[in-house]
Amino acid sequence: MKHYTTLLACGLALAAAPALADTLPMSWTPPSGMTPGPIEATSAHLWAGPDGASAMIETGGLTPGNAVTMWFVAIQNPEDCAANPCTPVEAMGMADQMNTVATNGGGAVVGADGRVRISAFLPTGNVAGNFYDTAFTDPETSEYHLVVHDHGPLLPELAADQLSSFRGGCTADSVPPFYPESSRTDGEGGPNTCVSRQVALFVPSHLRTN
């Protein structure tokens, strides 16, 4: 199993005693073509504190040899969402209202066993590669979406973009219509179809219903 760990602000250097720590299984998304719901033998870990948020996903069921990226999305005004958790349209299509931060958390080539592991750290302040003109200021009260974005078969000439951007290797039609223009220009396009296949949704404690 190949894995890649992104080094945002010196990697997983979060304080030893985070204010939030939680673990969930990864789940299939409706666009994946699979029945939405938890995926066996997968996990998503989230730690958040005053300095930022760290995440690690270990997942499977993916196509061997495909390039995938993990997207680290923080919705800083989740109480403004009509749904709980926030929908993709609210998180990505209403960023000004939701004060969303969204950036690449790393990439990997899916191993022969269909599995990948990716970890990342999202520091407070201005975030490199953020799709929006927002700053990460509320790590301890944000809602987090960790998304596995499948870029299709690895294309040697586009491999770097497939592992580090949103559209790398894929057609413009692959980008959902409610996503920002910055996602359409993030990476060199190609012939593949990109699909956000898996997600873990971390609702902050003050908004949980059970």
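Two strands count as paired if DSSP finds at least two bridges between them. With that in hand, here is a tour of this predicted model, one view at a time.

**View 1**
Along its principal axes, the C-alpha trace spans about 45 × 35 × 35 Å. Buried residues make up 52% of the 210 residues. Of the contacts with a separation of 6 or more, 70% are between residues 24 or more positions apart. The accessible surface comes to about 9100 Å², and carbon and sulfur atoms hold 55% of that.

**View 2. An open sheet of six strands.**
Follow the strands in the order E4-E3-E13-E12-E7-E8; their pairing is antiparallel. Strand E4 (37-38) and E8 are the edge strands, each pairing on one side only. At the E4 end, strand E3 (residues 27-28) and E4 pair in the antiparallel sense over two bridges. Look for Trp28 here: its bridge partner in E4 is Gly37.

**View 3. Val199 in strand E13.**
With 15% relative accessibility, Val199 counts as buried. Its contacts beyond four places in sequence are Pro25, Met26, Ser27, Thr29, His145, Leu146 and Val147. Pro25 is 174 residues away from Val199 along the chain, yet their C-alpha atoms are separated by 8.8 Å.

**View 4. Strand E6 and its two antiparallel partners, E5 and E9.**
Six of the eight residues of E6 are buried, so this strand is largely enclosed by the rest of the structure. E5 and E6 form a hairpin, with two residues between them.

**View 5. The largest nonpolar core, a set of 28 residues.**
The members that touch the most others are Ile57, Val68, Phe72, Phe136, Tyr144 and Leu146. Elements giving two or more residues to this core include strand E5 (43-49), strand E6 (52-59), strand E9 (116-123) and strand E12 (143-153). A second, separate core has 17 residues, among them Trp71, Cys86, Ala102 and Val147.

**View 6. The surroundings of Phe136.**
Leaving out residues up to four places away in sequence, Phe136 touches residues including Gly52, Ala53, Ala74, Val101, Leu122, Pro123 and Tyr144. Tyr144, like Phe136, is among the core members that touch the most others.

**View 7. Aromatic rings, with Phe131 and Phe166 as a pair.**
A search of the whole structure finds eight aromatic pairs. In this one, the ring centres of Phe131 and Phe166 lie 5.8 Å apart with their planes at 85 degrees, so the pair is edge-to-face. Phe131 sits in the loop between strand E10 (125-126) and strand E11 (135-136), and Phe166 in the loop between helix H3 (159-162) and helix H4 (181-184), so the pair ties together parts that are 35 residues apart in sequence. Both Phe131 and Phe166 are buried. They belong to one aromatic cluster together with Trp71, Tyr132, Phe178 and Tyr179.

How values were computed: Residues numbered from 1 in each chain as written. Predicted model: local features only at pLDDT ≥ 70, side-chain atom pairs only at ≥ 80, totals over all residues. Heavy atoms only, no water. Core = buried A, V, L, I, M, F, W, Y, C linked by side-chain atoms within 4.5 Å. Buried < 20%, exposed > 50% of the residue type's maximum accessible area, 1.4 Å probe, protein only. Helix = DSSP H or I, 4+ residues; strand = E, 2+ residues; numbered from the N terminus. Contact = heavy atoms within 4.5 Å. Phe/Tyr/Trp six-rings, centres within 6.5 Å; stacked < 30°, edge-to-face > 60°. Areas by Shrake-Rupley, 256 points an atom, 1.4 Å probe, with all protein chains shown as cover.
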